Amino acid sequence: KEREVCKRLARVFDRYEEIGVRERISQGLLREYTDKTINLDKDPTLMVDKSIWESICIKDKMIKEPYVLCYCLGTIRPYSLLFKEISEKYRAAFYYIPTNLFNEGKYVFMNPIFNAGIEEFVSLVKNAVAVCTDSYHGVIMAHTFEKDCYCIKRSGNGAERYGGETRINTLRDEYHIPLRWIKCRKDLEE
């Protein structure tokens, strides 16, 4: 199915002189389907100064207590015990933005934050003591605001196909953003 999508995209690419992508994996994949130049371009969120991100933040803190923020596009269920330990490590509450609500259910120690738009998301990252994420942009925002960031592999039915680890590793490999991948308790000790 993915190969068919790439073949159809290749016909569209013929209309352009150059193509820009944000990850090496996309660059390599698309080169198989077109002779066009495929540039590795910097994600626009990496080109904006921290002060610009701060300017869009909500003035009043949404959460008054210290908290760890979780922003994951895949399921968080496999990581719930790790998240609890991270919360305890920082002596902070644990909040998450439900992006996979219908599959997840509720968690005893986690507090959901519903209806978070871009201003709320950026504000939540800025004011968190740490961030847990499987999201490329979650890592970028945590790095922008110099937060401890715990990266997890995206979980769920086929979820890794839509980004996650490979995209996030581009941040390390191309832009030297330090990453801290966690998958078990031992990873929290290092």
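**Chatting through the sheet and the cores**

Visitor: How many bridges join strand β6 to β7, and which way do the two run?
Guide: Four bridges link β6, residues 130-133, with β7, and the two strands run parallel. Keep in mind that this is a predicted model.

Visitor: Ok. Which residue stands opposite T133 over in β7?
Guide: C151 is the β7 residue facing T133.

Visitor: And what's the strand order in the sheet they belong to?
Guide: Going across, you get β5-β4-β3-β6-β7, an open sheet of five strands with parallel pairing. The edges are β5 (110-112) and β7 (148-151), and each of them pairs on one side only.

Visitor: By how many degrees are neighbouring strands turned against each other?
Guide: On average 25 degrees, ignoring direction.

Visitor: Which strands does helix α6 touch?
Guide: Helix α6, residues 118-127, packs on the sheet and touches β3 (67-71) and β6. The direction of α6 makes about 135 degrees with that of β3.

Visitor: Let's go inside. Which residues have the most contacts in the largest nonpolar core?
Guide: Y67, L69 and M141 have the most contacts inside that core, which has 28 residues. Elements that each supply at least two of its residues include β3, β4, α6 and β7, along with α7 (136-144) and α8 (165-175).

Visitor: Where does the largest share come from?
Guide: From α7, with five residues.

Visitor: Back to M141: what does it touch, leaving out residues up to four places away in sequence?
Guide: With those left out, M141 touches W53, F121, V122 and V125.

Visitor: What about the second core, how many residues are in there?
Guide: The second core is separate and has 18 residues, including V68, F83, Y96 and A130.

Visitor: Is R91 buried or exposed?
Guide: R91 is exposed, because its relative accessible area is 77% and the cut-off for exposed is over 50%.

Visitor: And N115, where does that one lie?
Guide: N115 is in the loop between β5 and α6. Phi of N115 is near 60 degrees, again a positive value in a residue other than glycine.

Visitor: Buried or exposed, then?
Guide: N115 is exposed, with a relative accessible area of 75%.

Key:
Residues are numbered from 1 along each chain as its sequence is written. This is a predicted model: local features need pLDDT of at least 70, side-chain atom pairs count only at pLDDT 80 or more; totals for chains, interfaces and linings use all residues. Side-chain values use heavy atoms; hydrogens and water are left out. Two strands pair if DSSP finds at least two bridges between them. Axes are lines fitted to C-alpha atoms, for helices over the stretch in contact, and angles run from 0 to 180 degrees between N-to-C directions. Contact means heavy atoms within 4.5 Å. Buried means under 20% relative accessible area, exposed over 50%, partly exposed in between (1.4 Å probe, protein chains only). A nonpolar core is a set of buried Ala, Val, Leu, Ile, Met, Phe, Trp, Tyr and Cys residues joined through side-chain atoms within 4.5 Å.
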